[in-house]
Structures are given as C-alpha cells and as structure tokens.
Amino acid sequence: MCGIIGYVGGRDVPSVLLGGLWRLEYRGYDSSGIAVISNGELIVRKVPGKLSELEELIKRKPVHGTIGVGHTRWATHGLPQENNTHPLLDCNEEMALVVNGIIENYVALKDELEGKGHIFRSLTDSEVIVHLIEEYLKKGLAEAVKLTVRRLNGNFAFAVISAGERNRLVCARHDAPLICCYNSKEAAVASDISGVVSIFDEVIHIPNDSIVVLGRGKCTITNFQGKEIKVPAQKVSIEVGDIDKGHFPHFMAKEIFEQPKVLHNIVSERIIDSRIHPGDELGLSNDELKKVSRIVIQACGTSWHAGLVGKYLIEKFARIHTEVDISSEFRYRDAVLDSDTLVMAISQSGETADTIAGLREAKVKFLKVLSLVNVVQSSIHRESDGIIEILAGPEIGVASTKAYTAEIVNLYFFALYIGLLRGFVNKAELTKHFTALKKVPVQVEQILQLDAQIKEIAEIFCDSRDFLFLGRGLNYATALEGALKLKEISYINATGYAAGEMKHGPIALIDSKMPIVCINPRSSVYEKMLNNIQEVITRKGIPICIVTRGDRRTRTVSKHSILIPECLEYVSPILSVVPLQLLAYHIATLKGLDVDRPRNLAKSVTVE
Ligand code: F6R
C-alpha cells in the first residue's frame, strides 16, 4: 500500500517522479504529492484525490530540481486531505519524507517529540519519522535515519531528502518492500520495479532491515546496526509494455483477456517431456515431499480462494490432509503444526503483510514453507524455503484475475506432482490430466468470446442491490471468488456461499429481485447443485447459471445461462470463474465505476 519513489539525476525530476507514481498508483490512490529540491529550497506539490490532479497542479505550478521524492497514498491514519498527504516535512521544511507502512508506537513518539517542541501538521502516524530524523540530524542524514529506525515499531519503507544534502536519498525498510537502482549518472528508489522500469535495467532488492544511502554512482547499504551489506544488482525482468494497458480501457480487462496466453505459458513450463516440472526452486527434495503428512495453506483474498481449490486438488490427487487458512487468522491462532506439516503461502504480490507474518510464524516453529508467488524477489519469495512461481506476469488491476487462474493451474500441477511421488496418481491418469490442462488456454479463449453475451446479462442486473453466488465442491471457491470480484469493483453486496449451506440461513435473502449466480458445470455434485437451483427458483430468485455446453437440464430452468466448454471437473474452477470476472467487470463499468481504482482498496496490502 502506498507507492513511494525517489530520484536523483539529470532528468526532469518531476516527470520522473510522476511517471513512477503513475505506475505505482495501483498501490494506493487517495492522494499524492512530490517534493523537489530546487536551488537549495524544498518545493512541495501535493493534492488529495487523483494523481491526474497532481499532474495538473505541477503543470500549473512547475518545479525543477535534481533530486526529489514522490508518494501515492492509501490512507491508514488521517483522512485523504492535503495536510495528511505525503511528502511529510520536518518543522523547518528542509526535509521531505515519503513512507509506506504503519508506525505502531507513533502516539508515544509524537508525545515525546511534541514535548520537545516539534510541530506536527498531519494526523498521520508516519510524520513522527521525519521529526525523529530532524531530532538526530546534527549527526548527518544517514546517521539520523539509523537512529530513527531503532525507535520505530511497526512496518515501514521510506525515503527522505534534505535541502542540506542535495545529492543523496536516504531510505530504509523494515517489513515493507523497497528497491533501488543506480548508475554513474542517476539513482532511484521505489516501492517496486514498476516505479523505475522505464529508466533502469538493473535493480537491487533492498534487504529487510537495512538503510540505503543512494546517489549518482553510489549505493551504500547497511543493516540497522550499521554493518555494510553487499547486495548484487539483478536484471529487471519486466518491460514498460508489461505494465501498460495496451488497447484495453482498463488493466482489469487486459488481464482477463491475457489469461489464455498466461495459462498456455504455465502449461508449457510445467509439462516438459511428458513430466511435471514444478520449477527449480521447490526447496524440498522428493523425499521430504513424500514425508509430508499434512499441508496448511495460508493466504488472503483471491489467493485464499485459490488455496481452497488447491485443498480439493491436493486431497484428491495426493491424499494429504490439507487445511486452508486466512493468513490474518492463521498468524494469531497458534495452530497445531507438527514437524511433518508443510506450510504453503499463496500470494500474487509476495508482499501481503498477513501472509508474510503467517510464513514467519511457520518458520519460527521450524517448518518448511513452500510458497506460490507471482512477484519474484518479493519478500515471500525471499523468505520461503521453496517457491513455485505463479508465472502470471505483472498484475496491475486491483481486482486479481489472471493471477487467480494461474495460481489454480500451478496448484493443480503441484497436487499431481506430489500425488505421483506418493503413488496415488498413475501414468494413465497423468496423461488424462495433461490432456485436460493443455486444452485450458483454448477453452478460456472460447469463454472470452462470450463477452458480449455476458455484458447483456450485466446490463439486466447492474442495478441489483444484492447478489448471491452459489457453488459446490471445487466451485464453492468459484462462488466466493465471483462474489468478491463483484463486490470489490461494483460495490454491490455480493455473498458467496456453499450451495449446500444455503438452506441454513442465506435462503431467507432470496426474493424475486435477487440474481443468484449458480455455478454448475458437469461434476460429481451436478445433481445436488441442480436441486439447489430449483430451491432458488421456488423462492422466485433469478438464477444466472454457469453450465457446461450441452447441459439442457439447467438451461431449461434458468433463463440466463453462460456455457463453458466440456472439461474435467478438476479444471472447471479455472473455466467457470472467467465469466464471473467479466460479469463483475461489465457491471462495474456500466455503473460508471473505475474498476482499476476501486474505492478504499489497493493492490498490495502491505499493512495488516
Ligand atoms: C481481490 C484481491 C485481493 C488479493 C489479496 C491477496 O481481487 O486482489 O483479495 O487477492 O489482497 O493478495 P496477494 O495474492 O498479493 O497476497
């Protein structure tokens, strides 16, 4: 959450900062600002509201300089209004600070600093940082930052510039992401690579708990105790085009339509010479995997839903007892974890605070953690014993789409892999699954061709107040995910439920105005689900059914049906979610909402 950027060098600093902020905007977008040092003076431009308003302000009131910092905010403490917008300044307005994170002990620090005469202008927790640095500044900016970070509890990444030291940026991170880049002419720091991708082709992933002093041709990284750390730079693995909307009106649309390509790549990477290739970074030997007697998957949001599908697949193919927990629950519940339990984290961003905490909780108990992660070199990637790369490519849309289907396909391969090792999957079955998985990209392509039909359904129901999503078995997770997609971008109250649970309460919600999305592809629970659809109809609810082509029985009882191709039951959650992504997308855009910037949300949830 919150995007931070800093730059020193010969380019037009406000343009570099703004360019970076546009690409980091998915991290938070309720206010934004920049500060530039111009002829020894700190000049600040900031606005509550959209980044385009900051751009307008800078056009109206241009600034120039050779060093600056910028910020796009997702508010935690303090409303999105100008005084709370970063950069935050010290009392003398000589230093500018941009922060991502939460300072948990800010109240005590603020009391202490106010007692010493510091004047606070915002209601943010982070403002204490700049005043602490100011307090220690006599020792120089880098030393002041070192003394400051020792006083902070919580998680943070920040960059600070000072009018007194015009050639360097000083940055620090503790449990929040930060990268930097430099060459002989210029240097930059950002929350992630997308902030600097247009300028640098090498990046340094700043280690946790370290401080960086960054300038043209220099980058010194020390830990919080002051010991220097050498960190090699790595090639930037993405291009500007990867984080561009292309010809699509929204990132979300682009990413939905990218799914055939993404899924094709994953299938090609994972099936090599008729064998499963789970990647080179599993971090567990086959013998270790064979010994696993229990798996605990922990993740948040959409990744948690993928985990629910993973549970069905792992239990089915590998016969290993698998639990799926929401990371924010798992981290605090002191779960019973035996030595032969494998903990798995699933995360697109690799920076979700609760999922990282869950991973650490497992490591404290000396358990191995195998994570599915999309962003390489993210915290979850680096802290896990092993990883399976999700291979979805950069996902910018706040509503996760392609990462979800990519996570499921990877879990499918992992379940088969471990099932083979344990002797529960034979060669003939493996061939059957490979054939089914190889068809998935084309089948998703076919579903995407139903876009116009799905838009028509969206037009009928876009003014509905509430939606219910029902599914069973593997598609219970699809119901949860369909409801999450709809509510997060359309703000319609949408509930996902296991269809068999409907009678135990939610059935009371159903009336003649309520659309109920029923996910019923051909499967082992098809008949049961059909009964649930009948129960919906009997209560005058309006079913919108996701069914397999050729299924007449569901279609005769439901006016609105979306047909997905014939597939193995295990593949069905990958296919059946695609129409729901499109449905949510069209409903939200028909309501005139900005699907890439849904209110109150941000893409990467780096605070708990
Ligand atoms: C919903 C969505 C979120 C994320 C969740 C976990 O569309 O994107 O629910 O899935 O915040 O994020 P990652 O996977 O990055 O850990």
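In which loop is Ser274 found? In this predicted model, in which residues are numbered from 1 along each chain as its sequence is written, Ser274 is found in the loop between β15 (271-272) and β16 (275-276), helices (H or I, at least four residues) and strands (E, at least two) being DSSP runs numbered from the N terminus. Local features were considered at pLDDT of at least 70 and side-chain atom pairs at pLDDT 80 or more, whereas totals for chains, interfaces and linings use all residues, and side-chain values rest on heavy atoms, with hydrogens and water left out.

The phi of Ser274 is near 60°, a positive value in a residue other than glycine. A positive phi, near 50°, is likewise given for Asp334, which belongs to the loop between α10 (327-330) and β19 (341-347). The peptide bond from His86 to Pro87 is cis, with omega near 0°, and Pro87 lies in the loop between β4 (67-73) and β5 (88-89). Most residues other than glycine have a negative phi, and most peptide bonds are trans.

The ligand is surrounded by 15 residues, the closest being Ser303, Ser347, Ser349, Thr352 and Glu488, where a residue counts as near if one of its heavy atoms lies within 4 Å of the molecule. This shell divides into 5 nonpolar, 8 polar and 2 charged residues. At least two shell residues come from each of α9 (301-318) and α16 (476-490), and at least three from each of domain 2 (245-441) and domain 3 (450-598), the domain bounds being taken from an automatic or database assignment.

Definitions and conventions:
Ala, Val, Leu, Ile, Met, Phe, Trp, Tyr, Cys and Pro count as nonpolar, Asp, Glu, Lys and Arg as charged, and the others, Gly among them, as polar.
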